[in-house]
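Subject: Structure handover

Hello,

Here is the structure for you to look at. Notes on what was found in it follow below.

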Amino acid sequence: MFIYEKKLQYPVHIRNTNPKLANIIISQYGGPDGELGASLRYLSQRYAMPYPELKGLLTDIGTEELGHLEMIGAIVHQLTRKLTDEQIRTAGFDTYFVDRTTGVYPTAASGFPYSAASMAVKGDVIADLTEDLAAEQKARVTYDNILRLSDDPDVNDVIRFLREREVVHFQRFGDGKRTRGSEKELLTKPGGRLTRSPGCFVGVRPSATKTPYRAARSGSAPPCPHCSRPA
Amino acid sequence: MYPKPDKPVEDMEPTCPDTNGAMPSCAPLAVPYVPFQRRGAQKYDHSAALENGTLFPGLNLPFKLKAKAANVPMTPLGELQALEFVLVELGLYLDTHADDAQAMELYRQYAALEKEGRARYEQMYGPVTQPAAAQSKTWSWLSDPWPWNYQEGGDK
């Protein structure tokens, strides 16, 4: 289950009203690479994930993304909470305002409402982890683009933090892929038996592959097809 | 569990800097890699970690247009956010480096600090989680401001 903590992960203090910027940043709330999609992707991928460290990683990163969703919502709210009549009409917020007023709605900046079609749950270790690596990079680029478009220092402090989290999550999913989502998976039949020599498991360091090396030398295991040296 | 190395990675081979990580000795085709983060990487203190968005200087890779980190004032809330951030960051690290005893010890130390920081904050500003409202005379859970309602000049 989830328990709410009545605080943000990182402080959001936006002083200036800027509806045009809110119109851009809303994309990280409900856009194709936004925080809503991120949390749903990871929390949904957990069920078919067979290994404890990857269940943990998806749970923890998925939960953190919910905190980021709240931060993006706080930015959009604080950018629009003191709108003047003039700003409503002329600041580029009118097409959002007519439908949502100053409510925070999960939509892309284009106006396309949040769609689960922008994320995937494949139920396969390598496919899902590779999806997650790509997702973190796409979110990182979206934050790059927000920094290209925004000149509000209060907003940019928060965006820098959120962008850096994408970099760290990418590293963690990469670490996770090295522990499990590797050649071992590609070589495993549905029944769980390895079809070929496990001599060059990815993520298994040289010292941990002694047994397959010995097996290869005694002729009981075929050479690893991917290694330049015999397995 | 996944196979463990006989000895810590940093003792096995000539060490690379933090920022390089470790690659597998045999890297087959058709499987993309992210270098595995080495143990014993340099770490920020909790306030610098929150400001930079990571505990690890080696992972701090900002965009050119906003390279400098913000200065987050260490108010009781800022302090709690920073301590809790280290727990989140170390928690993710330990998910993929579960055998790193040094990181586990650091997690223990920060968990104790976070507990203190939380108690200090709740005494001044009210409950962070609903059960903590039991410590006040009335239903303090509803007291303003809510996290997204930062008031200018206010502490939150």
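Helices (H or I, at least four residues) and strands (E, at least two) are taken as DSSP runs and numbered from the N terminus. On that basis chain B has four helices and zero strands, and its elements follow the order α-α-α-α from the N terminus.

This is a predicted model, in which local features need pLDDT of at least 70 and side-chain atom pairs count only at pLDDT 80 or more, while totals for chains, interfaces and linings use all residues. Residues are numbered from 1 along each chain as its sequence is written, chains are lettered from A and ligands numbered from 1 in the order in which they are written, and side-chain values use heavy atoms, with hydrogens and water left out.

Chain B

Of the 156 residues in chain B, 47% are buried (under 20% relative accessible area; exposed is over 50% and partly exposed in between, with a 1.4 Å probe and protein chains only). The accessible surface of chain B is about 8,200 Å², and carbon and sulfur atoms hold 55% of that surface (Shrake-Rupley method, 1.4 Å probe). Among contacts (heavy atoms within 4.5 Å) in chain B with a separation of 6 or more, 51% join residues 24 or more positions apart.

The peptide bond from Asp144(B) to Pro145(B) is cis, with omega near -5°. Pro145(B) lies in the segment after α4 (101–125) of chain B.

Two packed helices are described by the angle between their axes and the distance between the axes. Axes here are lines fitted to C-alpha atoms, for helices over the stretch in contact, and angles run from 0 to 180 degrees between N-to-C directions.

Helix α7 (residues 125–149) of chain A packs against helix α8 (residues 153–179) of chain A at about 160°, with the axes 9 Å apart. Therefore α7(A) is roughly antiparallel to α8(A) (an angle over 145 degrees). Their contact has 11 nonpolar, six polar and eight charged residues (nonpolar: Ala, Val, Leu, Ile, Met, Phe, Trp, Tyr, Cys and Pro; charged: Asp, Glu, Lys and Arg; polar: the others, Gly among them).

Helix α4 (residues 52–80) of chain A also meets α8(A): the axes come within 11 Å and cross at roughly 165°. So α4(A) is roughly antiparallel to α8(A). The contact residues include Leu57(A) and Ile61(A) of α4(A), and Phe161(A) and Leu162(A) of α8(A). By class, the contact of α4(A) with α8(A) has 14 nonpolar, four polar and six charged residues.

A loop residue in chain A

Thr101(A) sits in the loop between α6 (94–100) and α7 of chain A. Thr101(A) is not a glycine, yet its phi is positive, about 55°. Thr101(A) counts as partly exposed because its relative accessibility is 44%.

Regards

Conventions
Angles under 35 degrees count as roughly parallel, over 145 as roughly antiparallel, 65 to 115 as roughly perpendicular and the rest as oblique.
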